[in-house]
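I opened my notebook to get to know a new protein. Come and look along with me.

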Amino acid sequence: MGFTLPSGRIEDLDTPDAHVTLIRSQWCDFAAFAWGKYVSEGRGAVVVDLMKASKTGGALQAPTYYVADGSERLSQRGGWPNEEIAEVVREYDPEQDVVFIFLRLDGDAFHYNASDELTPPQAYQRKGKVDESRDKRLSSDGPLTSN
């Protein structure tokens, strides 16, 4: 995941307002990603790891991945950061919501149960159509030639 930080400081992304802004600005991608992972791995959360973020110029790269409840990845992490997050993961509606966990620079974890008019299944379907359309355009282009 990459995006531009006007200030160029990773710390500026490590606030609740910045988390919500990121979720809103990338909702379609996040929701499609979460739905695809839910279908293949089960309920879980999208983790945005700010502790391992890096920047190149003004672009920030923050590792973003899905952790499924009961998965090996969750076991390797030592479980959910706290019982409140574990409960949110057990109870959210994957057809409407996405659970986000932001691993903050100070080692704390913030979580959000987010939703939008564009549901995760709709985002997944829309993303699939965009990818399919792109693939068709690429495969229908003839070889490049010059005279």
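Here are my entries, from the whole chain down to single residues.

**Entry 1: the overview.** I began by noting that this is a predicted model. I then looked up the secondary structure and found five helices and seven strands. Along the sequence, I read their order as β-α-α-β-β-β-β-α-α-β-β-α.

Entry 2: Next I looked up how much of the chain is hidden. Of its 147 residues, 37% count as buried. The protein exposes about 8,800 Å², and carbon and sulfur atoms supply 46% of that area. I also checked the contacts between residues at least 6 apart in sequence: 59% of them join residues at least 24 apart.

**Entry 3: the core.** Which residues touch the most other members of the largest nonpolar core? I found Trp 27, Trp 80, Phe 100, Ile 101 and Phe 102, in a core of 40 residues. At least two core residues come from each of α1, α2 (27–41), β2 (44–49), β5 (64–68), α4 (83–91), β6 (97–103) and β7 (109–115). The most come from β6, which gives six residues.

I stayed with Trp 80 for a moment.

**Entry 4: a strand pair.** I followed β6 to its partner. Do β6 and β7 pair in the parallel or the antiparallel sense? They pair in the antiparallel sense, over seven bridges.

**Entry 5: two loop residues.** I looked up Thr 119 in the loop between β7 and α5 (120–140). Is Thr 119 buried or exposed? Thr 119 counts as buried, because its relative accessibility is 11% and the cut-off for buried is under 20%. Apart from neighbours within four places in sequence, Thr 119 is in contact with Glu 95 and Gln 96.

My other loop residue was Glu 11, between β1 (2–4) and α1 (16–25). Glu 11 has 42% relative accessibility, so it counts as partly exposed. I also checked Glu 11 against Leu 50, 39 residues along the chain from it: their C-alpha atoms are separated by 8.8 Å.

Definitions and conventions
Residues numbered from 1 in each chain as written. Predicted model: local features only at pLDDT ≥ 70, side-chain atom pairs only at ≥ 80, totals over all residues. Heavy atoms only, no water. Helix = DSSP H or I, 4+ residues; strand = E, 2+ residues; numbered from the N terminus. Buried < 20%, exposed > 50% of the residue type's maximum accessible area, 1.4 Å probe, protein only. Core = buried A, V, L, I, M, F, W, Y, C linked by side-chain atoms within 4.5 Å. Contact = heavy atoms within 4.5 Å. Areas by Shrake-Rupley, 256 points an atom, 1.4 Å probe, with all protein chains shown as cover. Pairing = 2+ DSSP bridges.
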